[in-house]
Amino acid sequence: MADRSLLTTDYGHNVERRRQRRSQSDTAINITSRKKSAPSLQDLFYGAQNDSEILTKRNCKQEEDITTSPTSDAVFCDGRKHGSLYSLNSTCTEYGNFGKANVTGEIEFAIRYIFKACILEICIRGCKNLAYGEEKKKKCNPYVKVYLLPDKSSRSKRKTAVKKNTVDPEFDETLKYKIESSQLGSRQLQISVWHAGALKYRVFLGEVVIPLAAWSFEDSSMESFNWYQLQSKHEKPEDNLIQYSGELLVSARLSVPAQYKNFQFERWMMEGKKDQEFSTCQLQVMIFGARNLPVLRSAGTLNSFVKGCLIISDQAELKQKSPVVKKEDCPQWKHLFVFDVTPAQLQQSCLHLTVWDQSTFGYRDHFLGGAKLGAKPSLGFTDPISPSVLQWEEVLRRPNTWMDFTLILHSNMENFKS
């Protein structure tokens, strides 16, 4: 019995010693593992570089997706993409978080429009006599940034490369926009020059704003390079333009009976015809789709629909509504609005087209943007040659003919009836 007790005691001591050895071994392994997993400064440095490369590749992939999207204005420019998702601190510089230099100097560029391809080109050649972005250091790293107003989003931005340590940079870059010629009259080019400082610090060096409505793209002499004096920054250079909220693609026509196939609206009104002689006139508006709509949901999709309101007098309004297209940020409705009116009513009428995001759980629908088409002044336009008036006159001038328009949506709901 004593021997058995001794053997049991020895066995217990042996088990305890093995347990201690295993514990020490595991501790050593853990320490070694922690040593291996703890990054050195060199690892941190190169790891940060790798992370930066991964992030850059990810951003480039996002930009490629936008650039190749059929709803994007971004295109290839001199072998480079200009979607501007990874551009230099743009959000801050557009909302006032930037330095300002005493604006001096000039910028040289040319503008041309390729009608067959529907491409607007801005050829930036260079600048001269710029102010220093950092006056004390006599340092200037200039680059040029362009927006097609009133769109101030990343999809509207184009920019050149940064030129180091010069106040007379030469860029020789062409920035491009895919845009229909019918939209040019309501757009402005904002061409600004910036200094790229350290830690994403930006200094404004001057700008030029070009209203495209006054630009004659058919005149080849307008395509030549010219020097433009840089101006101080306007707090809101697009003040005379309502905030951009996307675009609505529509087609419209004035449908008249076959016996009036030679009908001319202007002559008809001048002759003072009575509506009883011509009472079956229809305004037909095909709503094809929308693009660049503001996305309100975190999921990035919309449940959108269009309301049409034809205002024919101060008291009379004709209203229609399209079906809802769900979970699409670029909806395609292909829905026809038909308004039965008389020519006399059309003479002074105005069509309001508004786009909405359908709410859930009984909440109010969200207004996304609106556009006007008609004879009455709208959206601050008092000029009879405003796009809204010209488009409307084109529809009335060519009865029974479909006219295609890309209407710019504006974000101020107070300007629209629905």
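This is a predicted model: local features need pLDDT of at least 70, side-chain atom pairs count only at pLDDT 80 or more; totals for chains, interfaces and linings use all residues.
Start at Cys-118, which is partly exposed at 25% relative accessibility. Cys-127 is buried, with a relative accessible area of 4%. Where is the closest cysteine sulfur to that of Cys-127? It belongs to Cys-140, 8.9 Å away. A disulfide needs two cysteine sulfur atoms within 2.5 Å. The sulfur of Cys-127 is therefore too far from its closest partner for a bond. Across the whole structure, the search finds zero disulfides.

Charged pairs come next. Side chains of opposite charge can pair when their charged atoms come close. How many salt bridges does the model hold? The count comes to 14.

Take Arg-125 and Glu-108. Their closest N and O atoms are 3.3 Å apart, and the two form a salt bridge. This pair links distant parts of the chain. Arg-125 sits in strand E5 (residues 119-128), while Glu-108 sits in strand E4 (residues 106-114). The two residues are 17 residues apart. Glu-108 has 10% relative accessibility; the limit for buried is under 20%, so Glu-108 counts as buried.

Now move to Glu-247 and Arg-187. They form a salt bridge too, with the closest N and O atoms 2.8 Å apart.

Go on to helix H6, which spans residues 387-397. Which of its residues are buried? They are Ser-388, Val-389, Gln-391, Trp-392, Val-395 and Leu-396. Viewed down the axis of H6, these buried residues fall within an arc of 165 degrees, so they line one face of the helix. An α-helix has 3.6 residues a turn, so residues three or four places apart point the same way.

Charged residues also feature here. Glu-394 and Arg-398 meet through their side chains in a salt bridge, at 3.7 Å from N to O. Glu-394 is partly exposed, with a relative accessible area of 24%. Arg-398 is partly exposed as well, at 40%. The pair belongs to a network of salt bridges that links Glu-393, Glu-394, Arg-397 and Arg-398.

Note on methods. Residues are numbered from 1 along each chain as its sequence is written. Side-chain values use heavy atoms; hydrogens and water are left out. Buried means under 20% relative accessible area, exposed over 50%, partly exposed in between (1.4 Å probe, protein chains only). Helices (H or I, at least four residues) and strands (E, at least two) are DSSP runs, numbered from the N terminus. The arc is that of the directions from the helix axis to the C-beta atoms. A salt bridge is a side-chain nitrogen of Lys or Arg within 4 Å of a carboxyl oxygen of Asp or Glu.
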